[in-house]
Amino acid sequence: MSVRGQWSDSALGDIRPYTLTGGRTHHPKHALRLTTCLLTRPATRQLPANAENEALLMHCAGTPCSVAELAGRLHQPVQVIKVLIGDLIDADALALANPSGPTDPDAHLLEALLHGLRNRL
């Protein structure tokens with residue numbers, strides 16, 4: 001559909017998210033969850049200037065913001081936001097506010113905690 005010979009945003013549908021990510025559907029370096037929180041940091045690399053990058057950085061400035069929250073605020077699919085966030089992390093413009101720790105809890109620590117709780121009862 002064209003409006004006076006130009007494409008309207010409503011006619012583009014899913015093409016815009018595809019162009020935002022350059023066709024990428026995931027960012028292999030970063031395993032981001034919906035609850036992963038991010039904070040803006042001074043960028044050390046030149047970033048592509050676009051409205052989405054600026055919005056992501058603005059929303060993460062001063063207070064952590066989750067991936068799900070960012071997707072909602074920018075009205076974009078979560079996977080698109082994850083790709084854009086990955087680019088900003090690579091450019092050192094965003095940092096994880098809740099970096100992931102060890103995947104398995106320390107069994108000795110859990111046993112000591114259980115032992116301490118039993119002694120209190």
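Student: What share of the 121 residues of the protein counts as buried?
Tutor: In this predicted model, 29% of the 121 residues count as buried. The cut-off for that word is under 20% relative accessible area. The accessible surface of the protein comes to about 8,700 Å², and 57% of that surface belongs to carbon and sulfur atoms.

Student: Which elements make up the secondary structure of the protein, and in what order do they run from the N terminus?
Tutor: There are 6 helices and 5 strands. From the N terminus the order is β-β-α-α-β-α-β-α-α-β-α. Among contacts between residues at least 6 apart in sequence, 75% join residues at least 24 apart.

Student: How do you know that the span of helix H5 agrees with its 13 residues?
Tutor: Helix H5 covers residues 78-90, and at 1.5 Å a residue it should span 18 Å. The end C-alpha atoms of H5 are 18 Å apart, so the two values agree.

Student: Which residues of H5 are buried?
Tutor: They are Val80, Ile81, Lys82, Val83, Leu84, Ile85, Gly86, Leu88 and Ile89. Just after H5, Asp92 takes a positive phi of about 60°.

Student: Why is Leu110 called partly exposed?
Tutor: Leu110 has a relative accessible area of 43%. Buried needs under 20% and exposed needs over 50%, so with 43% Leu110 is partly exposed. Leu110 lies in helix H6, residues 107-120.

Student: What makes the nonpolar surface patch of about 280 Å²?
Tutor: Leu110, Leu113 and Leu117 make that patch.

Conventions: Residues numbered from 1 in each chain as written. Predicted model: local features only at pLDDT ≥ 70, side-chain atom pairs only at ≥ 80, totals over all residues. Heavy atoms only, no water. Helix = DSSP H or I, 4+ residues; strand = E, 2+ residues; numbered from the N terminus. Expected span 1.5 Å × (residues − 1). Buried < 20%, exposed > 50% of the residue type's maximum accessible area, 1.4 Å probe, protein only. Patch = residues over 30% accessible without salt bridge, like charges linked within 9 Å, V, L, I, M, F, W, Y side chains within 5 Å. Areas by Shrake-Rupley, 256 points an atom, 1.4 Å probe, with all protein chains shown as cover. Salt bridge = Lys/Arg side-chain N within 4 Å of Asp/Glu carboxyl O. Contact = heavy atoms within 4.5 Å.
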